[in-house]
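Here is a friendly note to read alongside the model. Please keep the viewer open as you go through the points.

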Amino acid sequence: METEENKDVQAPEQDVAQPEAESAPPPTPQADGAAVATVPTPYKGFAGKLDKFFGISKAGSKFRTEIVGGLVTFMAMVYILFVNSDMLGELAGVSQGAIYIATALSAIVGTVLMSLLARMPLAQASGMGLNAFFTYTICFTFGLSYANALLLVLIDGIIFIILTVTGLRKHLFNAIPKAVRVAIPAGIGLFIAFIGFQKSGLVVNDDVTLVNLISFNFLGSATYGSVMPVLVTVIGVIVVAVLAKRGVKGAVLWAILGAAGLYWVFMGIGYGYGDTTCIEIIDGFSLLNPIDAFKDWGTQSVGQVFVKGFDFSGYLATHNGGQLALVIITSALAFCMVDMFDTMGTLYGACASGNLLDKDGNIPNINKSMLCDAIATSTGAIAGTSTVTTFVESSAGIGAGAKTGFASLITSLCFVVAMFLSPLVSIIPGQATAVALIYVGVLMMGCVKEIDWKDPAQSVPAFLTIALMPFTYNISYGIAFGIIAYLLIKLCTGKVKEIHPVTVVIGVLFALMFFLTH
């Protein structure tokens, strides 16, 4: 995380590596017979221009290493195409194919920006957690339309651009209590994992306790068609854990594909034995046409933020203008906060893992990286997808040796190819994408170790932030309760001077949201 105003600095220089395209000439002898080592010959021609632009040799890397790093990053994060299209595809008026194309295009734009502007080995796409907030909170809970939600994402992107360009980002960041700031990723992790459990069918509705475990009792209500798909998710989570433990690159992707294959094997067996559920699933299956995905994107997603985004008639049919204003303000604020914390945490974590931090421990080119993220979010809203953010999976590519923006360029080219593979969306069932949701939830829980659980002034706001996100099915509610609890505890313990004025404003806005809109 930032501790002071970051400056755009280049990645620390390392020992210059021998370029792979040219070999160094032999040492030049001097008059006394001693040999003097010469500087390695740089790349020539177009390769030389690329090397100079991205600073590949300067960073101690090679083209081959950067290419491998870019491919590894793509393999580690390509699952977002399936998960995001599956999640946002639940919304009325938009198809999975349209979301698939929007997700791919926003990933291309964001990653190219990161490559050419920030020149960092980082990739971007629709963020996990933010897509859940978009779908299940903004649309399903608050009742806004798909286009309305895109407008909030666009506002988030514009605010993020302003905060980055003006330097106000630091002040907003510091205004959020550390206990809440640290707890947000964990709360989101539990929330999206809970969504994964529901998508898989493992967790079901219960009239008494609200949630329950699906029945595995074949002597009771359980059937082959109800149990086997759930086992696919359980097996998939175990597989991704094993693959990740063994250091397999793209573990999440391989687990999703393996779970999908196992799902259709189970369905085929059930079909042969006459299971009703399996027969309905297989007989109702149809393969998406990649061209149709582009058609749907053109008619259902791109530009809808301007065409229908300002039409709140559906919401205003049951609410008043004041309620709408508060929902827009607090939702945009939640989008912006989650996006900012997620991006900054990811940037620091990814750069730290690859020894890319500068000598003072700061993130190289952080302002440009944050600007790339903000522009990509705005572009994503126009394309038709949820908030775009820097992916922590970029660490996989950095771990494979990537050090420059050339690796990101390779990742973006992979997404270009992936745009034409939308038929895979219809093959990947919800039980397979649930594997990614659950495992990403696991990864996001690591931040809880930074919370001081012995201090009630820190632990209570943090706990409320974490617990209320999945329990209320709403990310913004968790943030709101965490901030309000922090303010009240500080007020009642005489620590008023420790409260940031901006924190008070944010807390009041959230309180008004509860009392006037919920």
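**Notes on the model**

1. In S5, Val-203 finds its bridge partner in Leu-213. Strands S4 (residues 203-206) and S5 (residues 210-213) are antiparallel, with four bridges between them, where pairing requires that DSSP finds at least two bridges. The link from S4 to S5 is a hairpin through three residues. Helices (H or I, at least four residues) and strands (E, at least two) are DSSP runs, numbered from the N terminus.

2. A word on the basis of all this: the model is predicted, local features need pLDDT of at least 70, side-chain atom pairs count only at pLDDT 80 or more, and totals for chains, interfaces and linings use all residues. Residues are numbered from 1 along each chain as its sequence is written, and side-chain values use heavy atoms, with hydrogens and water left out.

3. Please look at Leu-210, which belongs to strand S5. Its phi is near 75 degrees, a positive value in a residue other than glycine. Most residues other than glycine have a negative phi. Leu-210 counts as exposed because its relative accessibility is 63% (buried is under 20% relative accessible area, exposed over 50%, partly exposed in between, with a 1.4 Å probe and protein chains only).

4. Asn-365 also deserves a look: it is not a glycine, yet its phi is positive, about 55 degrees. Asn-365 sits in the loop between helix H15 (321-353) and helix H16 (366-383). With 4% relative accessibility, Asn-365 counts as buried.

5. Just after H4, Arg-119 has a positive phi of about 55 degrees.

6. Which residue does the side chain of Ser-61 join in a polar contact? The partner is the side chain of Glu-66, at 2.5 Å (a polar contact is a pair of N or O atoms within 3.5 Å; within protein, one must be able to donate a hydrogen and the other to accept it, and residues adjacent in sequence count only if both atoms are side-chain atoms). Ser-61 lies in the loop between helix H1 (45-54) and helix H2 (63-77), and at 3% relative accessibility Ser-61 counts as buried.

7. Finally, Val-239 is in helix H9. Val-239 is partly exposed, with a relative accessible area of 34%.
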